[in-house]
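User: I have a model open here and want to go through a few features with you. Can we begin with charge pairs?
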Amino acid sequence: RARMSEERKTRLDQIQAVFAGLGAGTRQLLEDRAKMATVVGGLTALAFGVYGARTATRVAGNLIERQLMRPPLVRDTSRYHWGKGGGLVQLFKKQQEAKLLENIVLGDDLAERLEWTSNSLINAKKNGTPFRHVLLHGPPGTGKTLFARTLSK
């Protein structure tokens, strides 16, 4: 019994010594403003670093996933835009409509058909109606992809 009592007393003294050291360190930290500012600043920077890195990783992952999941034509022609019309977007769209097929060299008959298709798709986009499906076919090098990119921009 005496041995158990001595062990208990020794352990209580050890616990008391640990908490006394913690109390003295905390008292010193609270009394010195420079140390307190350093600790608070360090913890704040650590929190910003952790949450900033987590958010940046999530954003980078979403961007990479978005780029990998899209076909090249969609990646090239997808652009972010603000709302429906209005402001600078509306001003530039009127200028672009006239220049839509300007850079593509086509025969008269084909140019007329593609212009009709372009106008119908542009009007569908303006009115918010669903697009019709368009199938472009022909031998390689006839401008199918160039037309699709120009139209989607």
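Analyst: A salt bridge here is a side-chain nitrogen of Lys or Arg within 4 Å of a carboxyl oxygen of Asp or Glu. This is a predicted model, and by that rule the count comes to one salt bridge.

User: Which residue forms a salt bridge with Glu 7?
Analyst: Arg 3 does, and the closest N and O atoms of the pair are 3.9 Å apart. Side chains of opposite charge can pair when their charged atoms come close.

User: How are Arg 3 and Glu 7 separated in helix H1?
Analyst: By about one helical turn, because Arg 3 and Glu 7 are four residues apart in helix H1.

User: Staying with H1, at what angle do H1 and H2 pack?
Analyst: Helix H1 (residues 2-31) packs on helix H2 (residues 33-68) at about 100 degrees, and their axes are 5 Å apart. Angles of 65 to 115 degrees count as roughly perpendicular, so H1 and H2 are roughly perpendicular to each other.

User: Which residues make the contact?
Analyst: From H1, Gln 28, Leu 29, Leu 30 and Glu 31; from H2, Arg 33, Lys 35, Met 36 and Val 39. By class, the contact of H1 with H2 has four nonpolar, one polar and three charged residues.

User: New topic, pockets. How much space lies in the second largest pocket?
Analyst: About 390 Å³. The second largest pocket has a lining of 18 residues, and Leu 110, Leu 114, Leu 135, Leu 136 and His 137 lie nearest its centre.

User: Which helices supply at least two residues each to that lining?
Analyst: Helix H5 (108-127) and helix H6 (144-152). H5 provides the largest share, five residues.

User: And how do the lining residues divide by class?
Analyst: The lining of the second largest pocket has nine nonpolar, six polar and three charged residues.

Notes
Residues are numbered from 1 along each chain as its sequence is written. This is a predicted model: local features need pLDDT of at least 70, side-chain atom pairs count only at pLDDT 80 or more; totals for chains, interfaces and linings use all residues. Side-chain values use heavy atoms; hydrogens and water are left out. On a 1 Å grid over the protein atoms alone, a cavity is a set of points where a 1.4 Å probe fits but cannot get out, and a pocket is an open set with protein on both sides within 12 Å along at least five of seven lines; lining residues have an atom within 4 Å of a point. Grid points are joined across faces, edges and corners, and a volume is the space filled by probe spheres set on the points. Ala, Val, Leu, Ile, Met, Phe, Trp, Tyr, Cys and Pro count as nonpolar, Asp, Glu, Lys and Arg as charged, and the others, Gly among them, as polar. Axes are lines fitted to C-alpha atoms, for helices over the stretch in contact, and angles run from 0 to 180 degrees between N-to-C directions. Angles under 35 degrees count as roughly parallel, over 145 as roughly antiparallel, 65 to 115 as roughly perpendicular and the rest as oblique. Contact means heavy atoms within 4.5 Å.
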